[in-house]
Amino acid sequence: MKLHSFGYLFGEGVRSIFRHKLMSFASIGVLTACLVLIGASVLLTVNINALVGGAEQENEIIAFLDDFEKEESEAKTAEIRALLEKIDNVDRIDYVSKEQALQEEKDRLGEDAALLDGFEENNPYPAHFVLTVRDLTTLSATLEEISSIPHIYRVNSAESVTNALISLRSTVQWISTAVFIALVLVSLVIISNTVRLTVFSRRREINIMKMVGATNSFIRTPFMVEGTMLGVFSGFLAFALLGGLYKWLMGSFDGMNFTIGSFDGMVPFADLALPLLLGFLLAGMLAGMLGSVSSIQKHMKV
Amino acid sequence: MIDLRNVSKTYPGGNVALHDVNLHLDDGEFAFIVGSSGAGKSTLLKLLLHEEKPTTGQIYVNDFAVHKLKPSQVPYLRRSLGIVFQDFRLIPSLNVYDNVAFSLRAVGASKQEIRKKVPFMLELVGLQDKFKSRPDALSGGEQQRVALARALVNNPRIIIADEPTGNVDPERSMEIVSLLEQINKLGPGILMVTHDHNLVHRFRKRVIRIEDGTVLSDRKGGIY
């Protein structure tokens, strides 16, 4: 295709958006609505994952240690720490000495801390390691490994809570994937119908082009340009709408002082903005461009 | 040049539109195609334009073997033809100038070429003062003249006109055929389908009569 032809066809694509205002408006409306719905489902999934992930982070394992003689305590503890560090799935390792354990208990009791007076000499609270794991799905195996380390006499972990969290996360992932696929399919049907309607209303124009000897690429290019521009515009619009809605919702949650585990509110929009914008622009462009090309194909066979 | 050799066309469902048609039109010739409705005239034009393919037989139009033309070659066949329809088929959103320029743009003509050729064509069809008008602001006769300018602007070897006077009053019809006759003198051949007896009688060109899918008569200077 010659350069001046491309310039003309590009301009034709842009002019066509304004020439067929009503259809352009309809296409933008449909595409934006679909993108907002899909984007909302993605944002919801991201937030539920963050919520579950936050709760997972809070899920600690406590490995209680035998009492050691004072002089050997430090060396033995270091030995055990080294063995714990060798376990791949163990993430964070914090040591709590007997004295710290007693102090923590006193802190917990608050006003009643006096009950523990005198225990310093004969401290019943064991030294322990507080651990977190990277992958909760292999928790049982990790617990077994920890238990097998010498001088660890007991391991505490809320395994049932963990299992509930894992199953919640996988359920959320299944549902959100299903909703995402359903929304994408519905959107494709709606978008292709809208584009088909647009192209149908201009089949006469296409027919004239064919009759005066225009090549298929000459006919297709303005439609592709138009579809792509409408898609990009819809992408920006959907981003602005969803961003506004998200920030408004975040504002509402802030007011509630909402905290679950380490999850203290919705994922900040700044963290999601770039992938969301790029995703919208790409999806909008592809839907607009491919929608136009596939719908126009039928009218090309003259 | 148009050459049809033993051309038949049967539509799916068994409707025979053309049967064993042989026809030859030399470069620069002017011919009317006449016949009653459903005789096969429209099918004949569709075959020439490669809108339909023949069931059997060979079709040659200018330098193209239309019966075995590849899809990628169809635009080039159509560029060698100028096509005029009964319903004008102008693009309503474009003004007269752009409707004529449309044909040139479709073949990748440069801006300079468009600026040179379009005013020339509009002058030839007598619409140089209406270049800014939209098609709906023009009379039927004027719209057909725009369509004629559009058909001519790419220097076709043949103009194919499908009842170009069908939507135009008798006086304007005479003007349009006179214009076609003038154009014919400049070089291009003309193949015009019509129902109008008066026009055929008046212009005394070659008359090809098609009935029931066959060529019933083919006479130079004939009447209908």
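Predicted model: local features only at pLDDT ≥ 70, side-chain atom pairs only at ≥ 80, totals over all residues.
**Entry 1**

I started with the strand order in chain B. I found an open sheet of six strands, ordered β6-β7-β8-β3-β9-β10, with mixed pairing. Which strands stand at the edges? I noted β6 (81-84) and β10 (214-219) of chain B there. Each has a single partner strand, so one side of each is left without a neighbour in the sheet.

β6(B) pairs with β7 (residues 158-162) of chain B in the parallel sense, over four bridges. I picked out one residue pair here: Val84(B) has Ala161(B) in β7(B) as its bridge partner.

β9(B) and β10(B) run antiparallel and are joined by five bridges. In this pair I noted Ile210(B), whose bridge partner in β10(B) is Val215(B). How many residues lie between the two strands of this hairpin? I counted two between β9(B) and β10(B). One turn residue, Asp212(B), has a positive phi of about 50°.

**Entry 2: helices on the chain B sheet**

I looked for helices against these strands. Helix α1 (residues 41-48) of chain B lies across β3 (30-34), β6, β7, β8 (189-193) and β9 (206-211) of chain B. α1(B) runs at about 145° to β8(B). Helix α5 (residues 140-152) of chain B also packs on the sheet, where it touches β6 and β7 of chain B. The direction of α5(B) makes about 165° with that of β6(B).

**Entry 3: a helix pair in chain B**

I turned to α3 (residues 96-106) and α4 (residues 111-124) of chain B. They pack at an angle of about 125°, with their axes 10 Å apart. Why is this pair called oblique? The range for roughly antiparallel begins over 145 degrees and roughly perpendicular covers 65 to 115, so the rest, with this angle among them, counts as oblique. α3(B) passes α4(B) in a right-handed crossing. I listed some contact residues: α3(B) supplies Val100(B) and Leu104(B), among others, and α4(B) supplies residues including Val118(B) and Leu122(B). The contact residues divide into ten nonpolar, no polar and three charged.

**Entry 4: where the chains meet**

I checked the contact between the chains. 25 residues of chain B are in contact with 18 residues of chain A. The two chains bury about 1900 Å² between them, 61% of it on carbon and sulfur atoms. Which three residues of chain B supply more of its buried area than any other three? I noted Arg78(B), Phe102(B) and Arg105(B), with 28% of the area that chain B buries against chain A.

**Entry 5: chain A**

I then looked at the sheet of chain A. Four strands form an open sheet in the order β2-β3-β1-β4, with antiparallel pairing. β2 (90-96) and β4 (152-157) of chain A stand at the edges. The twist averages 20° from one strand to the next. β2(A) is joined to β3 (residues 128-133) of chain A by five bridges. Val90(A) has Val133(A) as its bridge partner in β3(A). Helix α3 (residues 70-86) of chain A packs on this sheet and touches β1 (61-65), β2, β3 and β4 of chain A.

Last, I looked up a helix pair. α6 (residues 159-201) and α9 (residues 269-300) of chain A pack at about 50°, with axes 9 Å apart. That makes α6(A) oblique to α9(A). Their contact residues divide into six nonpolar, five polar and one charged.

Note on methods:
Residues numbered from 1 in each chain as written. Chains lettered and ligands numbered in written order. Heavy atoms only, no water. Pairing = 2+ DSSP bridges. Contact = heavy atoms within 4.5 Å. Axes fitted to C-alpha atoms, helices over the stretch in contact; angles between N-to-C directions. Left-handed = near helix turned anticlockwise from the far one by under 90°. Nonpolar A, V, L, I, M, F, W, Y, C, P; charged D, E, K, R; others polar. Buried area = accessible area lost by both parts, 1.4 Å probe. Parallel < 35°, antiparallel > 145°, perpendicular 65-115°, else oblique.
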